[in-house]
Amino acid sequence: MDLNWSEDESTFRAALRDSMARHMRPGWTLDDRDMPTQADIDAVKAFCAALGEEGFLTPHWPIAYGGRDASPWEQLVISEETWAAGEPRGGQYMNTNWIGPALMAFGTAEQQAQHLPPITRGEVNWCQGFSEPDAGSDLAALRCRAARDGDSYIVNGQKVWTSYAHAAEWCFLLVRTDPDVGKREGITILMVDMRSPGVEVREIPNPFAHHLIHEMHFTDVVVPVTNRIGEENRGWDIVRSILANERVGIARHVHALAVLDATVADADDLGIDSDDHGLEETIGTAYAWCEAARSLNYVAVAERIRDPYGARPLASVSRSITGPMEREVEWACQQILGDQALAAGSEADRQVVTGTSSMIAAGAYEVQLDLIARLTLDLPRSR
Ligand SMILES: Cc1cc2nc3c(=O)[nH]c(=O)nc-3n(C[C@H](O)[C@H](O)[C@H](O)COP(=O)(O)OP(=O)(O)OC[C@H]3O[C@@H](n4cnc5c(N)ncnc54)[C@H](O)[C@@H]3O)c2cc1C
């Protein structure tokens, strides 16, 4: 077995790096990924459009949908390189990783024709309207209501923690269309134009990110039935496969490694001896966590290649190590730099934010453990 990158994949990585170097806004950081200003939103669009033009946005998509049927490993290379650079795609990684693929698998020909080309061209921002005030880990408890009215649905309700809602033209929204059946049976997926009357986006001020997360309020929002993905009340099955895709291949370990490298370099500049016996062990352990996260990430990608739409336990295993890996790097930064680790804007300071949110976003750590228990250990559902 050869675990090295193939020659084609290495060539692809070099070409992608070259393209990114030519098109990235100078000085881009992971903070800019949250797109706090209109200039950041514009920079994301310009960057993604340039990448799309040169074939680096969706190469792993089928040729029929604007890709070139490239190996899914190229998708991972894209994630590694963009994460190393502070994810200059902003929220568009969602488009290419799971919103586009969900449309290919479950959308109509008309929906595919409308939405896939703008994604491959990097022209559109989407957001993910799943979580609600009483439906996070227990997502199937969602209550945002869509009532059928002729050729439309009328949507009323609230979503919360929606990343990138301020920059999104479209929302991939989960709604309840039948409140009288089992909670997993009455859920439907709608694509909602964020410019529709009755959609209100309110930022949630928070210590983690600037302008990233929001509440979305829907008041009598009219959504054409033609914007429904899949059958009415059958959205949950689609959601399960989407959630597994959402969790796979996000190369957060690459960024954590860069933070560690930067912190060790900062320590040298500050005259801190990182070869000190205690620190050596702390630093070594943190690097080992990153490498373990990398390996599990690759294992999860291989599982996805084998079974793209099945229940994929290794996605949860990979995801479950990401949060602790981020925390381990955060801990190491604090041990290495002491108080200096909290210097505003430093890589180490930023890692506190990344580490904290990584334990919650895309499914809380404890819930991943619960999924592993059920899917790999065959234990009963906790609720
Ligand atoms: C930075 C960030 C960005 C996000 N972006 C989006 C987005 O774009 N779109 C979106 O829809 N959502 C988004 N979310 C929301 C995220 O998906 C939820 O926060 C997450 O699913 C947890 O739900 P909750 O916040 O309601 O917490 P809860 O579900 O209330 O959980 C609270 C605590 O209880 C624990 N817990 C819950 N159930 C169990 C169980 N069965 N076993 C053991 N422990 C349990 C959890 O682990 C957690 O520690 C984002 C969150 C963050 C932090």
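This is a predicted model: local features need pLDDT of at least 70, side-chain atom pairs count only at pLDDT 80 or more; totals for chains, interfaces and linings use all residues.
View 1. Now look across to Trp98: Ser241 and Trp98 are 143 residues apart along the chain, yet their C-alpha atoms are separated by 9.2 Å.

View 2. Counting along the sequence, Asp42 and Ala167 are 125 residues apart. In space, C-alpha to C-alpha, the gap between Asp42 and Ala167 is 9.6 Å. Asp42 belongs to helix α2. With a relative accessible area of 43%, Asp42 is partly exposed.

**View 3. Glu169 and Lys45 make a salt bridge.** The N-to-O distance between the side chains of Glu169 and Lys45 is 2.7 Å. This pair links distant parts of the chain, since Glu169 comes from the loop between β3 (152–163) and β4 (170–176) while Lys45 comes from helix α2, 124 residues apart. How well covered are the two partners? Glu169, at 18% relative accessibility, counts as buried, whereas Lys45, at 21%, counts as partly exposed. The two labels differ because buried means under 20% relative accessible area.

**View 4. Asp40 and Arg25 form another salt bridge.** Here the side chains of Asp40 and Arg25 meet with 2.5 Å from N to O. Asp40 is in helix α2 and Arg25 is in the loop between α1 and α2, so this link spans distant parts of the chain, 15 residues apart. Asp40 is buried, at 3% relative accessibility. Arg25, on the other hand, is partly exposed, with a relative accessible area of 30%.

**View 5. Arg22 reaches Glu54.** The closest N and O atoms of this salt bridge between Arg22 and Glu54 are 3.0 Å apart. Arg22 lies in helix α1 and Glu54 in the loop between α2 and α3, so the bridge ties together parts that are 32 residues apart in sequence. Both ends get the label partly exposed: Arg22 has a relative accessibility of 47%, and Glu54 has 32%.

**View 6. A network of salt bridges joins six residues by name.** Which residues are linked in this network? They are Arg13, Arg17, Glu80, Glu81, Glu291 and Arg294. For the structure as a whole, the count comes to 26 salt bridges. As a reminder, side chains of opposite charge can pair when their charged atoms come close.

**View 7. Phe12 and Phe56 form a tilted aromatic pair.** The structure holds eight aromatic pairs. In the one shown here, the rings of Phe12 and Phe56 are 5.6 Å apart, centre to centre, with 50 degrees between the planes. Phe12 is in helix α1 (residues 7–23), while Phe56 is in the loop between α2 (38–53) and α3 (72–84), so the pair links distant parts of the chain, 44 residues apart.

**View 8. Trp161 and Tyr164 have positive phi angles.** Trp161 is not a glycine, yet its phi is positive, at about 65 degrees. Trp161 lies in strand β3. Tyr164 has a positive phi of about 65 degrees too, and it is not a glycine either. Tyr164 is placed in the loop between β3 and β4. As for cover, Tyr164 counts as buried, at 4% relative accessibility.

**View 9. Acidic residues gather on the surface.** Asp268, Asp269, Asp273, Asp275, Asp276 and Glu280 make up a patch of negative charge. Where does Asp268 sit? Asp268 belongs to helix α7, which covers residues 252–269. With a relative accessible area of 49%, Asp268 is partly exposed. That label applies because exposed means over 50%.

How values were computed. Residues are numbered from 1 along each chain as its sequence is written. Side-chain values use heavy atoms; hydrogens and water are left out. Patches are made of residues with over 30% relative accessible area and no salt bridge: like charges are joined within 9 Å, nonpolar side chains (Val, Leu, Ile, Met, Phe, Trp, Tyr) within 5 Å. Accessible areas come from the Shrake-Rupley method with a 1.4 Å probe; for residues, only the protein chains shown count as cover. A salt bridge is a side-chain nitrogen of Lys or Arg within 4 Å of a carboxyl oxygen of Asp or Glu. Lys and Arg count as positive and Asp and Glu as negative; His and the chain ends are not counted. The place of a charge is taken as NZ of Lys, CZ of Arg, CG of Asp or CD of Glu. Helices (H or I, at least four residues) and strands (E, at least two) are DSSP runs, numbered from the N terminus. Buried means under 20% relative accessible area, exposed over 50%, partly exposed in between (1.4 Å probe, protein chains only). Rings of Phe, Tyr and Trp (its six-membered ring) pair if their centres lie within 6.5 Å; planes under 30 degrees apart count as stacked, over 60 as edge-to-face and the rest as tilted.
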